[in-house]
Amino acid sequence: LAATTSPSAAVMIGGLLALAVGTISAGLALWSRLSRGTAGRIAAGLVLLAGAGMVVVALARQDCSELIAACAAAERAGTLSGHRVLHQLVSLAVFAALIAALFVLPRGLRRNQPWARCAVPTRLAGLAALVALVALLSGSSGDLGGLVQRAFIVLVFGWPVLLAALPGRTTLP
């Protein structure tokens with residue numbers, strides 16, 4: 001949607017930058033909220049790092065979508081731009097940081113009441129995100145690739161935001 005050839009790329013770039021702001025805000029809230037123990041701080045730092053990476057992702061636009069056969073062929077031929085490669089590599093690093101955060105967060109949540117009961121659902125969210133990423137990278141999602149991609153994005157970005165937004169007295173997300 002933010003490809004260099006897209007006439008409405010500015011809308012998607014704005015959305016990606018808003019996602020970066022939301023992710024950074026969630027990281028800051030988690031940093032403050034999960035002050036006991038190292039795990040909470042590490043997880044919050046990973047979320048902050050992912051938010052900063054999203055700024056790069058938003059500004060390093062792709063030439064086209066790899067879900068389109070002609071683009072996939074151009075990628076194999078090595079004719080796509082460097083900013084597409086940067087977009088892809090930083091996106092992978094952002095996703096890896098967010099998935100890692102989902103696996104580290106449960107320990108931080110357990111050490112910081114009243115969010116301890118969110119630890120198991122957070123670990124399950126991390127596992128689901130990891131499975132979705134493997135499905136996307138392996139191509140095993142087939143025709144459902146776009147749907148899996150959207151569910152993955154909502155999960156890896158949405159779960160930390162949900163945890164950051166939960167009120168202090170909660171039982172489960």
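Mentor: First, a term: a crossing is left-handed if the near helix is turned anticlockwise from the far one by less than a right angle, and right-handed if clockwise. H5 passes H6 in a crossing of the left-handed kind. Keep in mind that this is a predicted model, where local features need pLDDT of at least 70, side-chain atom pairs count only at pLDDT 80 or more, and totals for chains, interfaces and linings use all residues. Residues are numbered from 1 along each chain as its sequence is written, and side-chain values use heavy atoms, with hydrogens and water left out.

Trainee: How many helices and strands are there in the chain?

Mentor: Six helices and zero strands. Helices (H or I, at least four residues) and strands (E, at least two) are DSSP runs, numbered from the N terminus. The pattern along the sequence is α-α-α-α-α-α.

Trainee: Back to H5 and H6. At what angle do their axes cross?

Mentor: Roughly 150°, and the axes of H5 and H6 come within 9 Å. Axes are lines fitted to C-alpha atoms, for helices over the stretch in contact, and angles run from 0 to 180 degrees between N-to-C directions. H5 and H6 are therefore roughly antiparallel. The classes are as follows: under 35 degrees is roughly parallel, over 145 roughly antiparallel, 65 to 115 roughly perpendicular, and the rest oblique.

Trainee: Which residues in H5 and H6 meet?

Mentor: From H5, Pro121, Thr122, Ala125, Ala128, Ala129, Ala132, Leu133 and Leu136; from H6, Gly145, Val148, Gln149, Phe152, Leu155, Val156, Trp159 and Leu163. Contact here means heavy atoms within 4.5 Å. By class, the contact of H5 with H6 has 13 nonpolar, three polar and no charged residues. Ala, Val, Leu, Ile, Met, Phe, Trp, Tyr, Cys and Pro count as nonpolar, Asp, Glu, Lys and Arg as charged, and the others, Gly among them, as polar.

Trainee: And H4 against H6: what angle, and how far apart are the axes?

Mentor: H4 (residues 82-110) and H6 (residues 145-165) pack at about 40°, with axes 10 Å apart. This pair is therefore oblique, and H4 passes H6 in a left-handed crossing. By class, the contact of H4 with H6 has 14 nonpolar, no polar and no charged residues. Among them are Val94, Phe95 and Leu98 in H4, and Phe152, Val156 and Phe157 in H6.

Trainee: What about H1 and H6, how do their axes cross?

Mentor: At roughly 45°, coming within 8 Å. That makes H1 oblique to H6. The contact includes Leu19, Gly22, Thr23 and Arg33 of H1, and Phe157, Pro160 and Val161 of H6. Its classes are 10 nonpolar, two polar and one charged.

Trainee: Phe157 keeps turning up. Is Phe157 buried or exposed?

Mentor: Phe157 counts as buried because its relative accessibility is 6%. Buried means under 20% relative accessible area, exposed over 50%, and partly exposed in between (1.4 Å probe, protein chains only). Leaving out residues up to four places away in sequence, Phe157 touches Leu19, Thr23, Met54, Val94, Phe95 and Leu98. Phe157 and Leu19 are 138 residues apart along the chain, yet their C-alpha atoms are separated by 8.1 Å.

Trainee: How many residues are in the largest nonpolar core?

Mentor: 37. Such a core is a set of buried Ala, Val, Leu, Ile, Met, Phe, Trp, Tyr and Cys residues joined through side-chain atoms within 4.5 Å. Those with the most contacts inside this one are Leu30, Val94, Leu105, Leu109, Phe152, Val156 and Leu163.

Trainee: Which helix gives the most to this core?

Mentor: H4, with 10 residues.

Trainee: And what does Phe152 contact, leaving aside neighbours within four places in sequence?

Mentor: Phe95, Ile99, Ala129, Ala132, Leu133 and Leu136.

Trainee: New topic. Where is the cis peptide bond?

Mentor: Between Gln113 and Pro114, with omega about 10°. Pro114 lies in the loop between H4 and H5.

Trainee: Last one: what share of the chain is buried?

Mentor: Of the 173 residues, 42% count as buried. Thr38 in H2 is exposed, with a relative accessible area of 57%.
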